[in-house]
Amino acid sequence: MSKIMEWIDARLPVTELIKSQATEYPTPKNLNYWWNFGSLALMVLIIMIATGLFLAMHYKPDALLAFNSVEHIMRDVNYGWLLRYMHANGATFFFVAVYIHILRGMYYGSYRAPREILWWIGIVIFFMLMGTAFMGYVLPWGQMSYWGAAVITNLMSAIPVVGEDLVVWIWGGFAVADPTLNRFFVLHFLLPLLVVGVVVVHLWALHAVHSNNPVGIDLHEGKDTLPFHPYFTIKDLYGMGVFLIVYCYFVFFAPNAFIEADNYIPADPMQTPAHIVPEWYFLPFYAILRAIDFLGAYSKLAGVVAMVLSIAILFILPFLDRSPVRSFRYRPLSKQLFWIFVVNAFVLGWVGYNPPDASLFHGAVPLILIGRVSTAIYFSYFVLLWLITALDIEKPRPVPKSL
Amino acid sequence: MAIEAEENRRDFLILATSAFGVAGVAAAAWPFIRSWSPSADVLAQATTEVDISTVQEGQMITVPWQGKPVFILHRTAEMIASAQKGDKETLPDPAQDADRVKKPEYLVLLAVCTHLGCVPQPVGTGNYGGFLCPCHGSHYDTSGRIRQGPAPKNLEVPHYEFKDATNLVIGKAMA
């Protein structure tokens, strides 16, 4: 056995790679459970690709056949219901993992130097994920699929000059129809494979600069670190067990909790459902889109720009944050801003979930108003974080020199 | 002693964890593997019912069953006699004609050559008055037995039943 490994290692240093990048990879000894969500996201990605491949063997990307082929999967294919529910709920749990992963990075300053590129690659993955999730949601070709596709593709029409032509190009016609479904299926198949590639680069960037940690300081290898195996393999496995229990609860006992009932009505281009909502993981951004309604003819474009900006602004976060300290654990003001940001994201989600003309207290507080305020709070996080750190308003608490 | 116990404990934990993981992955793989097996709608096509009242003596029809062709031949007295003459022990795949039919007038065959799966040509095309497979020249007689050529076995007789005087049900209902 060792003879064979020696022969291979002389030609391709597999043992060396496993040792330096996995088993003996130096990992901060103080990582808490918030650091589990990277490996959890990877686990969900693998579940999604596995179930997706097998679903694609039964699904038919044709406007006339798609809806029925999904029902065929649910009723006729052996364990087809399981594959589909794993995949549909997998999307939800993918975003749960990714959102916590992103927020963890924001709280502990994982985006700060020297991890900017690692952070950017992560945002790219997030954008790809949103595109993949959106196109996957179109495939069952129910009413929500269809009108979700119609609304989201119509966002492109807000782009000046070329917008209208661009939408026709994306549709392959003059409405969302068979050509749209067919190309979305191919892209929904292709994008996750590209995501795998970008994830590899994400890990490469991580291993080049090493993990951040809850204290946010640069570590002394050996003194402050532990080998990845067995200390963090076992911790990751434990996290996976807990995560899978919650996931399986939904897959087996509440599989339609996150699926709008209207999506079990076949797509009808002649009639829009009374109340269309995106999937929960898009709700905050949907609320931001709808919040900009006071700019007259420019509202549509401004709404789309605000929505894209709400995520794209994460790209410049490493430069907005000027604090000498990474971790918010030692930054009282940043910490408060962070939690306001998190609570506000839920408020935005709630606003996005409700109909646009809804209100609180019998019309006294229109939801659109709350949406506007929440959108302002969302963006002010980034401005205020920059202000309090660039102007030295925040006085960080003392940070330990080592762990 | 203490170190030895530690090592035994660690070995046990690694073994138990790995075994648990392997069993878990195997269990999780099962639904994926099973999803390739015939689905309920495919199994629902397990039987085909055929009205044979219009098939005249000497005539043969081809009906699809589970996506494969089935020959139903209304044999003439001559064909039956020829088939029974072939009841010999020296055939490549010895079989009695009486065992291959439920009523001597009707021969029901799965028209898939036992050599490499081609569909043989209708009755009368081969030597022995039977079926010739055009792919590699296998000759089957009027009982569907292999008499000459590369095929190793007789044409398969699918499960079938006479529902009544004129209706034949091919196949067995599944699931």
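Guide: Start at A:P114, which sits in the loop between helix 5 and helix 6 of chain A. Helices here are DSSP runs of H or I with at least four residues, strands are E runs of at least two, and both are numbered from the N terminus. The peptide bond joining A:A113 to A:P114 is cis, with omega at about 5 degrees. Before we go on: this is a predicted model, where local features need pLDDT of at least 70 and side-chain atom pairs count only at pLDDT 80 or more, while totals for chains, interfaces and linings use all residues. Residues are numbered from 1 along each chain as its sequence is written, with chains lettered from A and ligands numbered from 1 in the order in which they are written.

There's another cis bond in chain A, from A:H229 to A:P230, with omega near 5 degrees. A:P230 is in helix 10 of chain A, though.

Now look at helix 5 itself. The largest nonpolar core has 49 residues, and A:A41, A:V44, A:F94 and A:A97 have the most contacts inside it. A nonpolar core is a set of buried Ala, Val, Leu, Ile, Met, Phe, Trp, Tyr and Cys residues joined through C-beta atoms within 7 Å. Buried means 20 or more other C-beta atoms within 10 Å of a residue's own, exposed means 12 or fewer, and partly exposed is in between, with C-beta atoms placed from the backbone. Two or more residues of this core come from each of helix 3, helix 4, helix 5, helix 6 (116-138), helix 7 (143-155), helix 9 (178-209) and helix 10 (228-253) of chain A. Helix 5 of chain A gives the largest share, eleven residues. Apart from this core there is another, of 22 residues, including B:V108 and B:I170.

What does A:A97 touch, leaving out residues up to four places away in sequence? A:A97 meets A:F37, A:L40, A:A41 and A:V44; contact means backbone-placed C-beta atoms within 7 Å. Helix 3 of chain A also holds A:M43, which counts as buried because it has 21 C-beta neighbours inside 10 Å. A:M43 and A:L244 are 201 residues apart in sequence, yet 9.8 Å apart in space, C-alpha to C-alpha.

The classes: Ala, Val, Leu, Ile, Met, Phe, Trp, Tyr, Cys and Pro are nonpolar, Asp, Glu, Lys and Arg are charged, and the others, Gly among them, are polar.

On to the domains. Chain A splits into domain 1 (30-276) and domain 2 (283-403), with bounds from an automatic or database domain assignment. Taken over C-alpha atoms, the centres of domain 1 and domain 2 of chain A are 23 Å apart. In their contact, 28 residues of domain 1 of chain A meet 21 residues of domain 2 of chain A. Helix 5 and helix 6 of chain A each give at least two residues to the domain 1 side. The largest share of that domain 1 side, six residues, belongs to helix 6 of chain A. The domain 1 side of this contact divides into 18 nonpolar, six polar and four charged residues.

One last stop along chain A is A:V161, in the loop between helix 7 and helix 8 (163-171). Phi of A:V161 is near 65 degrees, a positive value in a residue other than glycine. A:V161 counts as exposed, because it has 7 C-beta neighbours inside 10 Å.

Definitions and conventions
Contact = placed C-beta atoms within 7 Å.
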